[in-house]
Amino acid sequence: MNTNNSTFWGILASAFSADTWAIVAPAILDTLYMTAITTVLTLVFGVLLGIVLVVTDKSGVHPMPVFNNVLGAVVNVLRSLPSMILIILTLPLSRMIIGISYGPQACIIALAVSCIPMFARLVESSILEVPKGKLEAAKAMGTTNAQIIFKVLLPESFPSLIRNFTVTVIAIISTTALAGTFGAGGLGDVAVRFGYTRFKTDILIAAVLVLVVLVELVQLAGDLASRYLVKKRFLV
Amino acid sequence: MAEENFIAIKGLKKTFRTKDGDIEVLRGIDLNIQKGDIFGLVGFSGAGKSTFIRCLNRMETPDAGTVRIGEHEIMSMEKKELNRYRQKIGMIFQHFNLFDSRTVFRNVAYPLEIAGCSRSLIRKRVPEILELVELGDKLNCYPGQLSGGQKQRVGIARALANNPDVLLSDEATSALDPQTTLSVLDLLKDINRRFGLTIVLITHELEVVRYLCHHVAVLENGRIAERGTVRDLFQNPKSDTAKLFIKINSSFNHTEQWFQEGEGI
């Protein structure tokens with residue numbers, strides 16, 4: 001169904017029909033599955049990588065300039081590659097690790113590789129926002145480096161981390177849609193296969209609608225959590 | 001423990017290397033501070049006050065010189081040992097540097113957590129120390145809810161929580177209004193009297209020295225220009241810096257007199 005054979009209202013009505021949703025609904029599950037697993041991976045490794053970037057910086061609490069430069073360069077290279085190309089590049093990796101190079105699971109590795117460096121940089125910038133004076137105070141009280149990370153840097157930057165995490169989850173959702181084109185399935189796949197290749201505008205609309213709602217929900221949750229923390233700490 | 005000089009500083013030198021050349025901030029400082037003293041170091045901006053006080057707990061590593069606090073040689077300590085002894089050196093700051101993510105209670109509990117104190121000890125000690133700084137009712141507040149003076153009181157409580165050997169004050173009242181400054185100074189005075197705590201402070205406010213300190217030294221171009229009792233400094237200033245300080249200070253007082261005499265400007 002598209003504008004050549006139906007009215008706009010007809011398409012819109014069809015976008016909410018049971019037939020359309022029989023196609024879209026399983027795709028939602030695929031998208032949610034990919035997003036969830038990628039989010040967990042990105043959260044864990046992104047925070048770790050971000051912390052390592054801050055700590056080993058030449059002005060960090062444990063300077064390792066050479067290591068830091070190499071790591072920074074790797075992150076920059078990964079970030080400079082468009083997600084689409086990263087996905088193609090990491091598909092052989094998926095085949096090596098899990099045996100197949102298509103389907104939601106195969107794409108999770110590609111998604112993680114493309115999203116972790118981005119989140120790591122955001123974590124880095126969040127942590128660097130913590131005023132130097134607080135670090136000084138912590139050091140003057142005899143805080144060890146590990147304690148500085150877990151008792152000062154992370155808790156102090158938490159509201160900012162949540163905001164940046166929200167941005168990242170949204171980026172993950174949009175990257176899963178892209179990965180759909182490379183056999184990952186999900187809403188992106190449905191939008192391309194039906195909406196683009198087969199001119200089924202009604203299905204395209206339904207897929208887009210779900211994506212919009214997903215992103216809005218994530219943003220809302222992130223905003224609420226961050227605002228709650230800022231209010232609780234009386235930082236406004 | 002040697003009563004005479006509890007803190008002994010010898011030949012402290014520090015040069016900062018910048019791309020516009022080297023800046024010699026400390027050019028050989030020798031100072032002895034007695035136990036229970038309130039020792040003030042005054043100097044204009046850029047005289048090296050901050051660098052000096054940061055050398056005492058090795059937040060800044062001097063190029064040469066030694067610092068001894070009690071029996072502890074600060075400069076020759078291993079990193080672990082230094083961290084452990086820093087738990088016994090309280091420090092308060094111009095901008096308080098409290099942790100926004102922690103309530104007042106947990107800010108004061110922080111040094112105790114670092115020192116590995118038990119929960120029960122923390123629950124007992126923190127309210128005690130907050131009572132001392134008259135913030136016993138603010139346990140569950142966040143720093144964001146407090147005024148500047150209250151924040152500095154929390155800072156003081158945090159610095160005292162672990163029963164330090166010495167309290168370092170890095171311009172602790174410079175961001176506070178005169179009235180609040182006075183109440184914070186009274187608190188420090190009271191703590192010194194009650195616990196015999198040695199306090200080393202740096203300031204550019206002569207009033208602070210006059211009100212609080214027992215002994216004072218004047219820092220000029222990275223050297224100690226003069227030192228003695230506070231009375232000596234005011235009655236018989238010898239160095240240019242001290243003379244200038246007192247001149248500026250008294251000209252402010254003259255302004256006050258004009259207002260009092262109703263002459264106005």
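Start with A:A207: setting aside neighbours within four places in sequence, this residue is in contact with A:V24, A:A27, A:L187, A:V190, A:A191 and A:G195 (in contact means that the C-beta atoms, placed from the backbone, lie within 7 Å). A:A207 is also among the residues with the most contacts inside the largest nonpolar core. This is a predicted model, where local features need pLDDT of at least 70, side-chain atom pairs count only at pLDDT 80 or more, and totals for chains, interfaces and linings use all residues. Residues are numbered from 1 along each chain as its sequence is written, while chains are lettered from A and ligands numbered from 1 in the order in which they are written.

**Chain A overall**

- Chain A has 10 helices and zero strands (helices are DSSP runs of H or I with at least four residues, strands are runs of E with at least two, and both are numbered from the N terminus).
- Its C-alpha atoms fill a box of roughly 75 × 45 × 25 Å along the principal axes.
- Of the 236 residues of chain A, 41% are buried (buried means 20 or more other C-beta atoms within 10 Å of a residue's own, exposed means 12 or fewer, and partly exposed is in between, with C-beta atoms placed from the backbone).
- Take the contacts in chain A with a separation of 6 or more: 68% of them come from residues 24 or more positions apart.

**A loop residue in chain A**

- A:T181 sits in the loop between helix 8 (158–179) and helix 9 (187–197) of chain A.
- A:T181 counts as partly exposed because it has 15 C-beta neighbours inside 10 Å.
- Not counting residues up to four places away in sequence, A:T181 touches A:G188, A:D189 and A:V192.
- A:T181 and A:N68 are 113 residues apart in sequence, and their C-alpha atoms are 35 Å apart in space.

**Chain B overall**

- Chain B comes to nine helices and 10 strands.
- A compact globule of 265 residues would have a radius of gyration near 18 Å, and the 19 Å of chain B agrees with that (the radius is taken over C-alpha atoms, and the globule rule is 2.2 Å times the number of residues to the power 0.38).
- The box filled by the C-alpha atoms of chain B is roughly 55 × 50 × 40 Å along the principal axes.
- Buried residues make up 41% of the 265 residues in chain B.

**The sheets of chain B**

- One open sheet has four strands in the order 2-1-4-5, with antiparallel pairing (two strands pair if DSSP finds at least two bridges between them).
- The edges of this sheet are strand 2 (21–33) and strand 5 (72–73) of chain B, each pairing on one side only.
- Strand 1 (residues 7–18) and strand 2 of chain B pair in the antiparallel sense over 10 bridges, and B:T18 has B:G21 in strand 2 as its bridge partner.
- Another open sheet has six strands in the order 6-7-8-3-9-10, with mixed pairing.
- Strand 6 and strand 10 (223–229) of chain B each have a single partner strand, so one side of each is left without a neighbour in the sheet.
- Strand 6 and strand 7 (residues 166–170) of chain B run parallel and are joined by five bridges, with B:I89 opposite B:V166 in strand 7.
- Helix 1 (residues 49–56) of chain B lies across strand 1, strand 2 and strand 4 (64–69) of chain B, at about 60° to strand 2 (axes are lines fitted to C-alpha atoms, for helices over the stretch in contact, and angles run from 0 to 180 degrees between N-to-C directions).
- Helix 1 of chain B also lies across strand 3 (38–42), strand 7, strand 8 (198–203) and strand 9 (215–220) of chain B, running at about 155° to strand 8.

**The nonpolar core**

- The largest nonpolar core has 130 residues (a nonpolar core is a set of buried Ala, Val, Leu, Ile, Met, Phe, Trp, Tyr and Cys residues joined through C-beta atoms within 7 Å).
- Helix 5 (residues 103–128) of chain A gives the most to this core, with 16 residues.
- B:A157, another of the residues with the most contacts there, lies in helix 5 (residues 148–160) of chain B.
- B:A157 is buried because 26 other C-beta atoms lie within 10 Å.

**Where the chains meet**

- The contact takes 19 residues from chain B and 18 residues from chain A.

Note on methods. Two residues are in contact if their C-beta atoms, placed from the backbone, lie within 7 Å.
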